Amino acid sequence: MAHPRIGASILSDIKQMKQIVPGVLYHHEKIDGSGYPEGLKGDQIPLVGKIISLADAFDAMTSRRVYRDAMTIKKACSEIEKGLGTHFDAPIGRIFLESDIRKLWEIIQDGFIESWDYSNFSEYGAVAVGTLIQ
Ligand SMILES: [Fe+2]
């Protein structure tokens, strides 16, 4: 439960990561206030935290673990839908669920992230968000 603070601390001195630090720190907060590390609620959670929370949950559910198989994209979306307004921010979750998730998935699988130019994080973010909301 300490990893959000540790991760944010590690990234806080890296200039290119400044915008993402609040997202790392608050990616386990939940809209209903039951998350951690601070139990923030609703719009107390920064936008980037809400987005990373959803992306992290989607990634976790669709990844294989030693104790379970990966969920299908359809099942993961169903789980996200169930958590709208409690775990996840409802407007952001709806944008995600209405986006072309399959296309986003293919981009990620193609190694888009591995070819990411780390010196230009803002541009990467714009492309990723643009892909998500198209
Ligand atoms: Fe985490």
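Student: Quick one to start. Is Lys18 buried, partly exposed or exposed?

Tutor: Lys18 is partly exposed, because its relative accessibility is 47%. Exposed would need over 50%. Keep in mind that this is a predicted model.

Student: Where is Lys18 found?

Tutor: Lys18 is in the loop between H1 and H2.

Student: And what does Lys18 touch, leaving out residues up to four places away in sequence?

Tutor: With those left out, Lys18 touches Ser12 and Asp13. There is also a C-alpha distance for the Lys18 and Ala8 pair: 9.4 Å, with the two ten residues apart along the chain.

Student: Let's zoom out. How many helices and strands are in the protein chain?

Tutor: Seven helices and zero strands. Along the sequence the pattern reads α-α-α-α-α-α-α.

Student: What share of the protein chain is buried?

Tutor: Of its 134 residues, 37% are buried.

Student: And how much of the contact set links residues 24 or more positions apart?

Tutor: Taking contacts with a separation of 6 or more, 48% are between residues 24 or more positions apart.

Student: Now the metal. Which residues coordinate the iron ion?

Tutor: Three histidines do, through NE2 in each case: His3, His27 and His28. The distance is 2.1 Å.

Student: What spacing do the donors follow along the chain?

Tutor: The spacing is H-x23-H-H. His3 sits in helix H1, residues 3-11, while His28 is in the loop between helix H2 (21-25) and helix H3 (47-62), so this pair ties together parts 25 residues apart in sequence.

Student: Switching to H3. Where does Ser53 lie, and what is it in contact with?

Tutor: Ser53 is in helix H3. Setting aside neighbours within four places in sequence, its contacts are His27, Glu29, His87 and Phe88. One of these, His27, is also a donor to the iron ion.

Student: Is Ser53 buried or exposed?

Tutor: Ser53 is buried, because its relative accessibility is 5%.

Student: How do H3 and H5 cross?

Tutor: Their axes come within 10 Å and cross at roughly 45°, with H5 spanning residues 90-98. That angle makes H3 and H5 oblique to each other. The crossing is right-handed.

Student: Which residues make that contact?

Tutor: H3 contributes Leu47, Lys50, Ile51, Leu54 and Phe58, and H5 contributes Ile92, Gly93 and Phe96. By class, there are six nonpolar, one polar and one charged residues.

Student: And H3 with H4? What is the angle there?

Tutor: The axes of H3 and H4 cross at roughly 140° and come within 9 Å. H3 is therefore oblique to H4. Roughly antiparallel would take an angle over 145 degrees.

Student: What is the handedness, and which residues meet?

Tutor: H3 passes H4 in a right-handed crossing. From H3 come Leu54, Phe58, Met61 and Thr62, and they meet Ile73, Ala76, Cys77, Glu79 and Ile80 of H4. The class tally is seven nonpolar, one polar and one charged.

Student: What about Ser63? Where is it, and is it buried or exposed?

Tutor: Ser63 is in the loop between H3 and helix H4 (73-82). Its relative accessibility is 17%, so Ser63 is buried. Beyond four places in sequence, Ser63 touches Arg68, Asp69 and Ala70.

Student: Which peptide bond is cis?

Tutor: The one from Tyr36 to Pro37, with omega near 15°. For background, most peptide bonds are trans. Pro37 is in the loop between H2 and H3.

Student: Last one: Gly39. Where is it, and what does it touch?

Tutor: Gly39 is also placed in the loop between H2 and H3. Not counting residues up to four places away, Gly39 touches Glu29 and Gly33. Gly39 is partly exposed, because its relative accessible area is 30%. C-alpha to C-alpha, Gly39 and Tyr26 are 9.2 Å apart, and they are 13 residues apart in sequence.

Definitions and conventions: Residues are numbered from 1 along each chain as its sequence is written. This is a predicted model: local features need pLDDT of at least 70, side-chain atom pairs count only at pLDDT 80 or more; totals for chains, interfaces and linings use all residues. Side-chain values use heavy atoms; hydrogens and water are left out. Donors are N, O and S atoms within 2.8 Å of the metal (3.2 Å for Na, K and Ca); water is not among the atoms, so sites may look incomplete. Helices (H or I, at least four residues) and strands (E, at least two) are DSSP runs, numbered from the N terminus. Buried means under 20% relative accessible area, exposed over 50%, partly exposed in between (1.4 Å probe, protein chains only). Contact means heavy atoms within 4.5 Å. Axes are lines fitted to C-alpha atoms, for helices over the stretch in contact, and angles run from 0 to 180 degrees between N-to-C directions. Angles under 35 degrees count as roughly parallel, over 145 as roughly antiparallel, 65 to 115 as roughly perpendicular and the rest as oblique. A crossing is left-handed if the near helix is turned anticlockwise from the far one by less than a right angle, and right-handed if clockwise. Ala, Val, Leu, Ile, Met, Phe, Trp, Tyr, Cys and Pro count as nonpolar, Asp, Glu, Lys and Arg as charged, and the others, Gly among them, as polar.
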